[in-house]
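Me: I'm new to this one and would like to get my bearings. Can we go through it together, one question at a time?

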Amino acid sequence: MTTILITGGSGTVGTSLIQQLRKKDVALRILSRSKEEIPAATVFTWDVNEGQLEEGALDNVDHIIHLAGANVSQRWTAVQRKKIRDSRIKSADLLFEKLGDRKLKSFISASGISIYGTRTSEHIFTESDSPDYYDNDFLAQVSVDWEKAADQFTSRAERVVKIRTPIVLSRTEGALEKMAKPIKMGLGAPLGSGKQYTPWVHIDDLCKAYIKAVEDEQMNGIYNVVAPEHLTNKQLTQAIARVLNKKLWLPNVPAFMLKLIYGKMAEIVLKGSRASGEKITDLGFEYDYKVVEQALKDLLTINNQ
């Protein structure tokens with residue numbers, strides 16, 4: 001039986017991925033900071049700051065899916081910046097150190113579409129675009145270092161796959177909940193100019209891509225997992241309002257107000273470019289949710305009844 005170890009299993013993506021993997025004939029192991037009960041999985045503890053990982057967690061593991069990462073949508077204080085970096089990069093380094101001479105079939109790591117830089121551009125970014133000129137962009141640099149941390153596993157794994165992820169639309173928590181809440185209250189509005197692109201993916205499609213990365217031996221290297229529909233922040237806001245049957249009557253939220261409240265972190269909602277998710281489809285992957293209204297009806301209808 002295939003054994004899969006997942007970090008970040010309690011997050012939005014991890015929780016959904018575990019639910020999907022339970023339908024497969026696999027043995028699941030979860031790395032967690034606490035010894036919690038997770039159905040159909042064995043939980044091992046680790047402490048990244050202390051450099052500790054419970055004995056046996058990595059024994060006879062075939063695949064590691066590295067999803068661990070602190071929430072980026074909190075004000076970027078010096079403490080939060082360190083937390084964002086360490087939870088992604090230091091945790092990967094700890095896994096590599098503790099793996100020792102063990103061999104893996106694959107190491108599959110999350111990454112961010114933010115690697116292309118927090119900018120509004122008409123360019124459609126692909127996996128071949130270089131991130132080298134984003135030295136002053138915090139999230140881009142985090143993603144660069146995150147992928148470098150994953151690359152060290154090329155000496156231990158037959159394949160290293162990096163899944164670059166945009167805004168994930170999910171049923172609970174996350175970006176969609178934050179966007180939908182003010183719209184439900186009649187207080188929704190586009191952010192800043194509203195012209196910034198907002199790459200997105202349905203949670204089920206993202207989980208499907210991770211499962212493909214485990215199962216498809218052709219997958220190796222970097223993949224954008226992004227829905228094919230390119231939307232601006234204004235278009236996404238309007239789509240959410242339509243699905244919720246709500247009106248948008250307020251003017252756009254001024255950029256200066258968001259910067260005042262959130263500081264530098266406001267850039268992640270005020271700027272954004274398009275990215276192509278075609279590389280993975282060339283391997284036979286198909287997005288179930290290509291149009292945002294289709295995704296929103298699936299995600300919001302039950303919660304709005």
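Me: Leaving aside neighbours within four places in sequence, which residues is Leu17 in contact with?
Reply: Keep in mind that this is a predicted model. Contact here takes heavy atoms within 4.5 Å. With neighbours within four places in sequence left out, the partners of Leu17 are Ile6, Ile65, Leu67, Cys207, Tyr210 and Ile211.

Me: How many residues does the largest nonpolar core have?
Reply: Leu17 is among the residues with the most contacts inside that core, and so are Ile6, Ile65 and Tyr210. Ile163, Ile240 and Leu296 are on that list too. The core's residue count is 56.

Me: Where does α2 bend?
Reply: Helix α2 covers residues 78–99 and reaches 30 Å from its first C-alpha to its last, close to the 32 Å expected. Still, there's a bend of about 40° in α2, and it sits at Asp86.

Me: How far apart are the end C-alpha atoms of helix α6?
Reply: Helix α6 has 12 residues, so at 1.5 Å a residue it should span 16 Å. The model agrees with that, as the end C-alpha atoms are apart by 17 Å.

Me: Which residue just after α6 takes a positive phi?
Reply: Leu244, in α6, is buried. Just after α6 comes a positive phi of about 60°, taken by Asn245.

How values were computed: Residues numbered from 1 in each chain as written. Predicted model: local features only at pLDDT ≥ 70, side-chain atom pairs only at ≥ 80, totals over all residues. Heavy atoms only, no water. Core = buried A, V, L, I, M, F, W, Y, C linked by side-chain atoms within 4.5 Å. Buried < 20%, exposed > 50% of the residue type's maximum accessible area, 1.4 Å probe, protein only. Helix = DSSP H or I, 4+ residues; strand = E, 2+ residues; numbered from the N terminus. Expected span 1.5 Å × (residues − 1). Bend = angle between axes of the 7 residues up to and from the residue.
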